[in-house]
Amino acid sequence: MNKTDLINNISAKSGLSKRDVETVLNNFLGEVTDALSSGDKVQLIGFGTFETRKRNGRIGRNPQTGTTIEIPESNVPAFKAGNKLKEAVK
């Protein structure tokens, strides 16, 4: 399912217009992005938690030349599923 399919499904089930659903979805994604970029986490009880995790720096290898390169540490987004989501997927 892609974003358009999600908008269409929510619109059909809720009776809201596709434009309204798209606005809400875009605002939701923007708020999650803003929270994660500022170091906060977003917890939706029963669904899951969006958070950032620190990835340690490491030594990598350029596959074309074989030379080693240093990959710096970074923060990466992560999602941990909640219990209700886990049960629904089983």
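The model is a prediction in which local features require pLDDT of at least 70 and side-chain atom pairs count only at pLDDT 80 or more, whereas totals for chains, interfaces and linings use all residues. Residues are numbered from 1 along each chain as its sequence is written, and side-chain values use heavy atoms, with hydrogens and water left out.

The secondary structure of the protein chain comprises 3 helices and 5 strands, where helices (H or I, at least four residues) and strands (E, at least two) are DSSP runs numbered from the N terminus. Read along the sequence, these elements follow the pattern α-α-β-β-β-β-β-α. The radius of gyration of the protein chain is 19 Å, whereas a compact globule of 90 residues would have a value near 12 Å; the radius is taken over C-alpha atoms, and the globule rule is 2.2 Å times the number of residues to the power 0.38. Along the principal axes, the C-alpha atoms of the protein chain fill a box of roughly 55 × 30 × 30 Å.

The accessible surface of the protein chain amounts to about 7,300 Å², and 52% of this area belongs to carbon and sulfur atoms; accessible areas come from the Shrake-Rupley method with a 1.4 Å probe, and for residues only the protein chains shown count as cover. Of the 90 residues of the protein chain, 17% count as buried, a class defined by a relative accessible area under 20%, with exposed meaning over 50% and partly exposed the range in between (1.4 Å probe, protein chains only). Among contacts (heavy atoms within 4.5 Å) in the protein chain between residues at least 6 apart in sequence, 31% join residues at least 24 apart.

An open sheet of 3 strands has the order β1-β2-β5 with antiparallel pairing, two strands being paired if DSSP finds at least two bridges between them. The edge strands of this sheet are β1 and β5, each of which pairs on one side only. Neighbouring strands of the sheet are turned against each other by 30 degrees on average, direction ignored. Strands β1 and β2 are joined in the antiparallel sense over 3 bridges, and they form a hairpin with 3 residues between them, in whose turn Gly46 has a positive phi of about 90 degrees.

Residue Thr49 is located in strand β2 and counts as buried at 13% relative accessibility. Leaving aside neighbours within four places in sequence, Thr49 is in contact with Lys41, Val42, Gln43, Ala78, Phe79 and Lys80.

Helix α2 lies across β1, β2 and β5 and runs at about 35 degrees to β2, where axes are lines fitted to C-alpha atoms, for helices over the stretch in contact, and angles run from 0 to 180 degrees between N-to-C directions. Asp20 lies in helix α2, which spans residues 18–37, and is partly exposed with a relative accessible area of 41%. The C-alpha atoms of Asp20 and Leu6 are 13 Å apart in space, the two residues being 14 apart in sequence.

A search of the whole structure finds 2 aromatic pairs, the criterion being that rings of Phe, Tyr and Trp (its six-membered ring) have centres within 6.5 Å, with planes under 30 degrees apart counted as stacked, over 60 as edge-to-face and the rest as tilted. The rings of Phe47 and Phe79 have centres 5.6 Å apart and planes at 55 degrees, so this pair is tilted. It links distant parts of the chain, since Phe47 is in the loop between β1 (42–44) and β2 (48–55) while Phe79 is in strand β5 (residues 74–81), 32 residues apart. Both residues count as partly exposed, Phe47 at 39% relative accessibility and Phe79 at 35%. Phe50 and Phe79 form a tilted aromatic pair as well, with 4.8 Å from centre to centre and 50 degrees between the planes. Because Phe50 lies in strand β2 and Phe79 in strand β5, this pair ties together parts that are 29 residues apart in sequence. Through these ring pairs, Phe47, Phe50 and Phe79 are linked into a cluster.
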